[in-house]
Amino acid sequence: GTIYLKDYQAPNYLINRTELHFVLGEEETLVTSRLHLLRNTENGDSSELILDGQDLELVEIYLDGDVLDPSCYEVGEATLLLRDLPEQCLLSCVTRIRPQLNTSLEGLYRSQTMFCTQCEAEGFRKITYYLDRPDVMSVFTVTIDADADRYPVLLSNGNLEETSLLANGLTRVLWHDPFPKPSYLFALVAGDLEHIEDSFTTCSGREVALRIYVEEKDIDKCDHAMDSLKRSMRWDEEVFGREYDLDIFNVVAVDDFNMGAMENKSLNIFNTSCVLCDPNTTTDVGYQRVEAIVAHEYFHNWSGNRVTCRDWFQLSLKEGFTVFRDAEFSSDMGSRTVKRVEDVTLLRSAQFAEDAGPMAHPVRPESYIEINNFYTLTVYEKGAEVVRMIHTLLGPQAFRAGSDLYFARHDGQAVTCEDFVLAMEEASGADLGQFRNWYSQAGTPRLTVTDAWNKEAGSYALTISQSCPATPGQDDKKPFVIPVAMGLLGDAGNLRLQLQGEAPDPDTEDNTHMVLMVDKPEQTFVFEGLPEKPVPSLLRGFSAPVRLEFDYSRNDLCRLMSGDDDGFVRWDSAQSLGVSVITEVQAQLLAGDEAQVDPLFLEACGALLQDDALDPAMLAEMLSLPSENYLAELAGEGAADVQGIYRARTAVLAAVGSHCREALEQRYAQLAVEAKYAATGEQIAARSLRAVCLNYLAAAGASGLALANAQFAAADNITERLAALRVLSQFGSRSDWEAPMAKFYDDWGHETLAVNQWLAVQASMPDDGAIARVRHLMEHPDFDLRNPNKVRSLVGTFAGQNPLNFHREDGSGYRLLRQVVAELNSINPQIASRLLAPLTKWRYYQGRAEQMRSELELLASMDGLSADVFEVVSKSLK
Ligand code: ARG
Ligand code: ZN
């Protein structure tokens, strides 16, 4: 059934202490719980308690030491009902579970040879009967009995207090976590693992032992994560004043994991793909991702663990804030502008689509069927944008004061997004009343901007109007508060800004940019004292998650691209120019004409390539054409023509490739990295720009393919190998890619993480053989439907990153996805449901709606549909 935010009720019992005892076995695991219950008198005096429990076998149950009479409890499908409970009591249950058979990867399960857990959001109920909700915080003591030959490493949260050898030959460990926590932060790991160790001294002098546990074969791939962890710990002290609070911090890498990683108190569990790094298995982007995710999980220790969520509707309270924090960290570690460009690219190509689709929901959703479906780009990424806007509105100092107040006031509590906003308001004196609409209203606001230049008066007016499309359950929207950071570009650079009716800014040094507060349906801002008609530089740094419309001429865009002093706007103008040129070519091709790429664009690309002052990483971003997915998203409902987009985009690539051949070849040669592989900013920038050059050159013909071949052969790292393979398989014919593709597997087939990327490259090939290839690879011995990384790499990449083949006219792409989702539905509902997302965008694609819908209908009519898949399918068909 549907769960509503408005129905929230505090729990009627609290669990002050939780003692868990595990006996881990090869066939079954026995879990004994001792729950110290206390009636929550604030919330009535009912003596009835309903605990959550799923896929459990109740073996024994005791109340205050006595076997509980069967008349006092009732075991339901997903509950244990208890009657006539005293105000204070000790409830003890023995449950039997079978982690070996748990393919959902939530609760306690097996990954390879180890036991591990994933309890967020509601996995703990698959371990034992409990109040599995985040507002029940408890102090956990955990004992684990296991065969030390098989499982020499036995971990849980907090501190290891005792280890002993039992008479039955098993080893027992006892862990105690002094910090009260909700069940979703519980973790347990048992396995034959190696670890690396380091230490960190906190600002107040606490020595923290840092350990990363992995399978023996991966022990050499941990250093980058360890360095990232230490940088994160220092940064959080310096920038947010957050110090670590235990003497130990463990990280464990597991191969079978539904998401990226999990912030369990002092025992973070990571998908191997998000923690291991090696030049032959991890790309440059992968290294940066590992740093960001290690930081993200570490930052949760405060934003998530010390202060947690009252209920799952508040998920963005911890996720939006923590994504904001990790983005700031990454910006400080590398290039702020490049990080911003990467984040905006994701937001605009994927989160905007989510916000315009059938699953659209506010940053703080009002209802859900399955909470796992709400770990979304909206909650995470748009949620982070909302926090970023608060940061912009308050300024860095008041924001920090708000953050300090929030942590101080709510330490040890389970709170709401409202509590966060209140702390920000109180610390700053700001009024965020209307700003709260960002939490409650779904959909991407649209800003339409027009201008008027008055030459005689030297004044320039910008009229900004906002609107927001209807989303499911929300037809009419109230205006948002939208901070529009802006400047005005003149011939010689950015102009001084003087708003009509406002006192001149005394700080004459730096008044070339400001933030306009747009909070009404329509507003006009008039600037005075201007020597010439400016080009507006709008939404600098992407100051709000909105679609912006302004009728720039291509000349305007070129001026912003080369002359504005905001890096984001320079990049964004290049993107807009790219969109406009590709769209024009698409129309030409559709009309049966030859592609004519505007020479202005070709020359702008040429000029960029000559710009030696520009950071190569930034240049790579500016030269990257908008993705097919972004172009489809821009086309709007019913209008995305994937073939047309693909052809036009490829034609523009080829035109730039031939027009700029010399400059591209020169840059490509100059940027060759002679030094041994290192994931340094400088090397990464060089490789990324080289890959962009190679892509253009290969699009333009054979000489580029030859370069790619040579690069593949010479590379000492997977970044360059994959870049070459991608280019060969995108633009070459079978004879170009077949041998290197096979060689890659021969050389790196023993490295799971490398194989995953090899699968992904093949899943995104544009040729007619793509669907047969994906089906064939699903039979490959290295493919495994039970392993989410494999499924994502092959099927996820196919459906999400290969529009040309996923949307084939014969519907074979849709069929393939539906079949995999149907099979996964019973194996791993969470993954099944996530994989399904591309089918839900059926409204977008020209002439495809019926076919896509009919696959959704087939899923809807399946027996045994999981709540996860049911929610997505039924909402998509509405
Ligand atoms: N809290 C984790 C993170 O973002 C995500 C875990 C979510 N897992 C899930 N199965 N819903 O860091
Ligand atoms: Zn998180």
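**Close-up 1. The annotated peptidase domain, residues 225–437, in the predicted model.** The UniProt record, an unreviewed entry, labels this stretch "domain: Peptidase M1 membrane alanine aminopeptidase".

**Close-up 2. An open sheet of 5 strands.** The strand order is S17-S18-S19-S21-S20, and the pairing is mixed. Strand S17 (194–201) and strand S20 (261–262) form the edges, each pairing on one side only.

**Close-up 3. Pairing of strand S19 with strand S21.** Residues 248–254 form S19 and residues 267–271 form S21. The two strands run in the parallel sense and are joined over 5 bridges. Val254 is placed opposite Asn271 of S21.

**Close-up 4. Packing of helix H4 (residues 336–355) against helix H12 (residues 616–623).** The helix axes come within 9 Å of one another and cross at roughly 25°. Because angles under 35 degrees count as roughly parallel, H4 is roughly parallel to H12. The crossing of H4 past H12 is left-handed.

**Close-up 5. Residues in the contact between H4 and H12.** Helix H4 contributes Thr337, Val338 and Val341. From helix H12 come Ala617, Met618 and Glu621. Sorted by class, the contact of H4 with H12 holds 4 nonpolar residues, 1 polar residue and 1 charged residue.

How values were computed:
Residues numbered from 1 in each chain as written. Chains lettered and ligands numbered in written order. Predicted model: local features only at pLDDT ≥ 70, side-chain atom pairs only at ≥ 80, totals over all residues. Pairing = 2+ DSSP bridges. Helix = DSSP H or I, 4+ residues; strand = E, 2+ residues; numbered from the N terminus. UniProt positions renumbered as here; feature names shortened; annotations may be inferred. Axes fitted to C-alpha atoms, helices over the stretch in contact; angles between N-to-C directions. Parallel < 35°, antiparallel > 145°, perpendicular 65-115°, else oblique. Left-handed = near helix turned anticlockwise from the far one by under 90°. Contact = placed C-beta atoms within 7 Å. Nonpolar A, V, L, I, M, F, W, Y, C, P; charged D, E, K, R; others polar.
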